Amino acid sequence: MTPVTRKPCVAGNWKMNLTLGQASDLASAVVKSGPDIGGAEVVLIPPFTSLPRVKGVLEGGPVRLGGQNCHWEDKGAYTGEISPLMLKEAGCRYVLIGHSERRQYFGETDATVNKKIRAALQHDLLPIFCMGETLAEREQGQTEIRIIGQLDGGLEGLTDDEFSQIVMAYEPVWAIGTGRTASPGQAEEVQALIRDRLSKKYGKEISSYAIILYGGSVKPDNAFSLYQEKNIDGFLVGGASLEAGSFITIIKEAIKADRIKQ
Ligand code: PGA
């Protein structure tokens, strides 16, 4: 497996949105902005049914394709599920695992997240492993305990080599789709906590290369200040990734801030 590239990473999670035609138009617009966004690892994460169409648009270029979820088995009697093998065959390089909406609405636990991460790695898919606290947990001072629990649970038993293929994503649940972004300081506090925990688990060097995304109401006007924080290496974008202009601006802002940070 090749290690995750160390450059700003911006992933657009389209969730359950866009028709085939809209998906293909959006992907085409992102591809067309190619020279402007070449300094970043850009990932488009459409609904499963749009994967072949978007794959066709991305073919041969640097923009990557990702799936929104996967099961831990290769195949079997799991109605409504999709396997990592299928995502790989559909052209995915990445897969989102443990998004808070999966945890909240579809009963995913740290144990299933761990199984999914292992399955994805077996098929050479790079997991984007999501974690985040709810508003109630934050208000009760439980943020640290929650994040460390999710991190340890999801990464349970993974070797250094396996870990080096994983992209981490901190997404405070209270900031997702609410327009209420974490301030750069609030985000950095948790991003730093994550890196520190990774350092304890895998050592300083490996953790210093880990890509830790921030997600939760990332918009063109807050991307630059968020990215300036030391431990923010990119973004997982929901709402603002559904429109080419705002998504491309976020990527450009990350590239700009990355140059200053170097
Ligand atoms: P948002 O979603 O940007 O719409 O807040 C982020 C996510 O859920 O990944």
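This is a predicted model: local features need pLDDT of at least 70, side-chain atom pairs count only at pLDDT 80 or more; totals for chains, interfaces and linings use all residues.
## Who surrounds the ligand

Let's start with the ligand's surroundings. There are 13 residues around it, and the closest are Lys15, His99, Glu171, Gly177 and Ser217. Sorted by class, that shell has seven polar residues, four nonpolar ones and two charged ones.

## Polar contacts and burial

Gly177 takes part through its backbone, with an N or O atom 2.7 Å from an oxygen of the ligand. Gly238 also brings in a backbone N or O atom, lying 2.9 Å from a ligand oxygen.

So how much of the ligand does the protein bury? On its own, the ligand would expose 280 Å², and the protein buries 97% of that.

Helix H8 covers residues 143-155 and helix H10 covers residues 184-202; they pack at about 40°, with 11 Å between their axes. That angle makes H8 oblique to H10, and their crossing is right-handed.

H8 also packs with helix H6, which spans residues 110-122. Here the angle is about 40° and the axes are 7 Å apart. H6 is therefore oblique to H8, and the crossing of H6 and H8 is right-handed.

Conventions
Residues are numbered from 1 along each chain as its sequence is written. Side-chain values use heavy atoms; hydrogens and water are left out. A residue is near a molecule or strand if one of its heavy atoms lies within 4 Å of it. A polar contact is a pair of N or O atoms within 3.5 Å; within protein, one must be able to donate a hydrogen and the other to accept it, and residues adjacent in sequence count only if both atoms are side-chain atoms. Accessible areas come from the Shrake-Rupley method with a 1.4 Å probe; for residues, only the protein chains shown count as cover. Ala, Val, Leu, Ile, Met, Phe, Trp, Tyr, Cys and Pro count as nonpolar, Asp, Glu, Lys and Arg as charged, and the others, Gly among them, as polar. Axes are lines fitted to C-alpha atoms, for helices over the stretch in contact, and angles run from 0 to 180 degrees between N-to-C directions. Helices (H or I, at least four residues) and strands (E, at least two) are DSSP runs, numbered from the N terminus. Angles under 35 degrees count as roughly parallel, over 145 as roughly antiparallel, 65 to 115 as roughly perpendicular and the rest as oblique. A crossing is left-handed if the near helix is turned anticlockwise from the far one by less than a right angle, and right-handed if clockwise.
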